[in-house]
Amino acid sequence: MKKSILILFSLLITTSFVFAQNTIKGIVKGNNGITLPRATVKVRGTNEKVIADDNGAFTIATKQTPPFYIQVSSIGYKPQDFQILKLQETPIDIVLVEDALLDEIVVTSRRRSEVLQDVPIPITVIGGQAAENSGAFNVNRLKELVPSVQLYASNARNTTLNIRGLGSTFGLTNDGIDPGVGFYVDGVYHARPAATSTDFLDIEQIEVIRGPQGTLFGKNTTAGAFNITTTKPTQTPSAKVEVSVGNYNFIQAKTSVSGGVAKNLAAKISISGTQRDGTIWNTREERRYSGQNNLGFKSQLYYTPSDKLKILLSGDVSIQHPAGYPLVIAGVTTTERSAYRQYARIVSDLGYQQPKIDPFSREINTNTPWRHNQSIGGISLNVDYKIGNGTLTSTTAWRFWNWDPTNDRDFSELAALTKSQGNSRHDQYSQEIRYAGNITDKLSGVIGVFALSQNLKGLDQTEEVGKDQWRFVQTANTGSQALYSTPGLLDGFGIKTNSTIKSLSTAVFAQVDWEFLTNFHVLPGLRFTYDKKDVDYNRNTYGGLQTTDAALLALKAAVYANQQFVTSTENNNLSGNLTVSYRPNINLNIYGTFSTAYKPVGVNVGGLPTTSTGAADLSLAVVKPEYVQHYELGLKTRPIKGALLNVTAFNTDIKDYQTNVQSPQLGVNRGYLSNAEKVNVKGLEIDGTYQLERFLTLNAAVAYLDGKYVTFTNAPLPLEETGHTELVNGVATQVAFKDASGGRLPGISKWNVSGGAEFSVPGNLATRTGRYFVATDASYRSTYSSNPTPSSVLNVQGYGLVNARLGFKSDKVSIFVWSRNIGNRNYYEQLQAAAGNSGLYAGVLGDPRTYGATFRYSF
């Protein structure tokens, strides 16, 4: 009997223990000490949760035993995890930090965490969530949010990313030059402009840094940099999923899962997929082009064995197989060639109808399929180790890029320039080691070394013409030129190019911030760079009529000829900057900067123009480096509570500006590189933000940019002047170049404006407490030149775009509808002459109106 009672007593005790409820009491406050009403409190890993009362107080019961985590979240504040180590009777204080507090935005542009307004550099910061909410799921769409950014792309390879109109050549890409805008993700430099086309994955923050920054970053950044950071894995389990649907059968899905996998080791896996039908209809193929088909994957391991050591191992890959990005015929202009060589006459002689000039019908009839497949990715290892008051960082990375395109470069149904394929493979290896932090109370800075090795291969890059090409190259129907009509002479005639560029770039850089007097700071920086490039170029002809007739062979050689050359070039540079900053209080930061910068020597691997003998002009194989002198005055202010207002004025001079020019010779239809003697860009930027508690957020920015060729005496002729003749020694002689000094630089609008507003009110959706919101953003760019030499026909007219969204957001759930280009504005992003400069030109169209809905859930 006693034994039975003892057993029963033990069972009762055990049962009581199993079903006992541990109670936690607390009060949720903001970082200003004011209690936060209606915050959500949840026990991590369970369904146990409560809502705090109007005074921020809560009581939650759980079966968990310490240690465990509780999650606390409130709209407008960063959700946080708090570890419960022991139970206590007195309420615990829970303090949340406001999300994206305007005057406390933290940036890492100087390789350490600092408050944005304290940094004497013009920087625009866009939160990852804010970018996604605006529909900017890759860098290409960010240009609508940052007026000083220009990004033009006819496809992923042919991408121009500029800040203040400087950075890369405008138009068709030549692999032989380095970009002037640095593109960094988690400290890793991405050398190929194609990286801008990949979908964002778990972006925490995007910093757009304007002006030369070579003393802060490993690679040369003569025009500025994109410094992108992603969210890191967390020990506490978390996940999020996002799905968007829209017109043109748009669907995008993103998911991310993070959590601890071992003691001090966390992992995260993220996947993104985007699919959309094309917006351009090919009437010949009866299929759509200019769609999207993207798949991205990223994984991370984050090891934090101590407060001093943090190790992040990352791997990512993005695969894109879109319905290609064709250009549409935008117009035909009369050139200064003879009537026999005008585009309309050529088309008529070949028996075709004149092209339909209705670009915004979004129809094409090209006879070569467009393809722009690419894969891009890599692996990186980032190690941070705290030493004293600073951090020693090592960033090691390998990245790759594969490019597999097909383009119809006559932009029409004609079998003229039927195929253009710039197949490429790129591998890069980079290593950066730097130390950044506070040396004393008055002195801080960064010092580092950097090395980048690249191997860029052109793999059987192909250009091929068809049966109609003879009429485009024929200058008359008499004499030897009449033989161009020989059946099959140029049909299937082309070139295959294999090239290799092996480059090495190394640098030592340093910058300090010294408060030499109270509130007065001086910031000197210095950089030494060494660059070396080795080129092996081999181009061979194939196809066409097989003949031994010397006259016919000469005609073929005038279209395409073999080219081979090997060259090696190297140079070094010492550059630097000096900034003086005055910060009398937290509301004012006045600074001035003088800096010199440098962009490495370039090489031509797109085909060289030929001399009068038909040989490649090897004097153009190497392109001189750029040298930059930059002046800047800036003012950062907090005029009233919740507001920021910044003003920047700058002047930039570049000697030996590297520019991409288009030759009338067919064999260099991708263009080749040259130097303009001197260019100048100056401007004024004003940007401001205002936040009225959580009800209203406003932002606006305006940039005035004036970019021109100070001296460019050997510029290519614009399309309409092709065939121009001048009297030379009394004889009318056709010329191919002109003096473009004083002309405006391509891709630069004088006026660039953006702005946005969001209004929200508290509310509930079912059982969710959150905020209902309506938001809009708008942008405007004035007219800009779309040709290396100013042209009367290749100008993109100014345009404005308006986007909007409406919905509900809470700490865990967001659901909203959206529309981009809500006014369905027709506009070009780029115009370019067709190869051969016969008068036809084509355009890259901006997207029409798109709309859809997004659902986002995190747990």
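The structure is a predicted model, in which local features need pLDDT of at least 70 and side-chain atom pairs count only at pLDDT 80 or more, whereas totals for chains, interfaces and linings use all residues. Residues are numbered from 1 along each chain as its sequence is written, and side-chain values use heavy atoms, with hydrogens and water left out.

We begin with the strands. Helices (H or I, at least four residues) and strands (E, at least two) are DSSP runs numbered from the N terminus, and two strands pair if DSSP finds at least two bridges between them. An open sheet of 5 strands runs in the order β10-β15-β16-β13-β14, with mixed pairing. Its edge strands are β10 (123-127) and β14 (188-189), each of which pairs on one side only. Strand β10 is antiparallel to β15 (residues 203-210), to which 5 bridges join it; the bridge partner of G127 in β15 is Q205.

Another open sheet has 3 strands in the order β24-β52-β51, and its pairing is antiparallel. Because β24 (328-332) and β51 (828-833) each have a single partner strand, they stand at the edges, and one side of each is left without a neighbour in the sheet. The twist averages 30° from one strand to the next; such angles run from 0 to 180 degrees between N-to-C directions, with axes that are lines fitted to C-alpha atoms, for helices over the stretch in contact. Strand β52 (residues 840-845) is joined to β51 by 5 bridges, and within β52 the residue L845 is the bridge partner of Y828.

Further antiparallel pairing involves strand β49 (residues 799-809), which 11 bridges join to strand β46 (residues 768-781). Here D777 stands opposite N803 of β49. Strand β49 also pairs over 6 bridges, in the antiparallel sense, with β50 (residues 813-820), and a hairpin of 3 residues leads from β49 to β50. L806 has V817 in β50 as its bridge partner.

Strand β38 (residues 643-661) contains T652. This threonine is buried, with a relative accessible area of 5%; buried means under 20% relative accessible area, exposed over 50% and partly exposed in between (1.4 Å probe, protein chains only). The side chains of T652 and H630 are joined by a polar contact of 2.7 Å. A polar contact is a pair of N or O atoms within 3.5 Å; within protein, one must be able to donate a hydrogen and the other to accept it, and residues adjacent in sequence count only if both atoms are side-chain atoms. Beyond four places in sequence, the contacts of T652 (heavy atoms within 4.5 Å) include L166, V628 and V681.

Helix α5 (residues 550-559) has L552, L555, K556 and V559 buried. These residues lie on the same side of α5, because they cover an arc of only 100° around the axis, taken from the directions from the helix axis to the C-beta atoms. A550 and A558, on the other side of α5, are exposed. The cover over the buried residues of α5 includes α4 (469-473). At the start of α5, a side-chain oxygen of D549 comes to within 2.8 Å of the backbone nitrogen of A551.

A nonpolar core is a set of buried Ala, Val, Leu, Ile, Met, Phe, Trp, Tyr and Cys residues joined through side-chain atoms within 4.5 Å. The largest has 51 residues, of which F183, I206, F226, I228, Y657 and L745 touch the most other members. A second, separate core of 36 residues includes Y152, A330, Y343 and V796.
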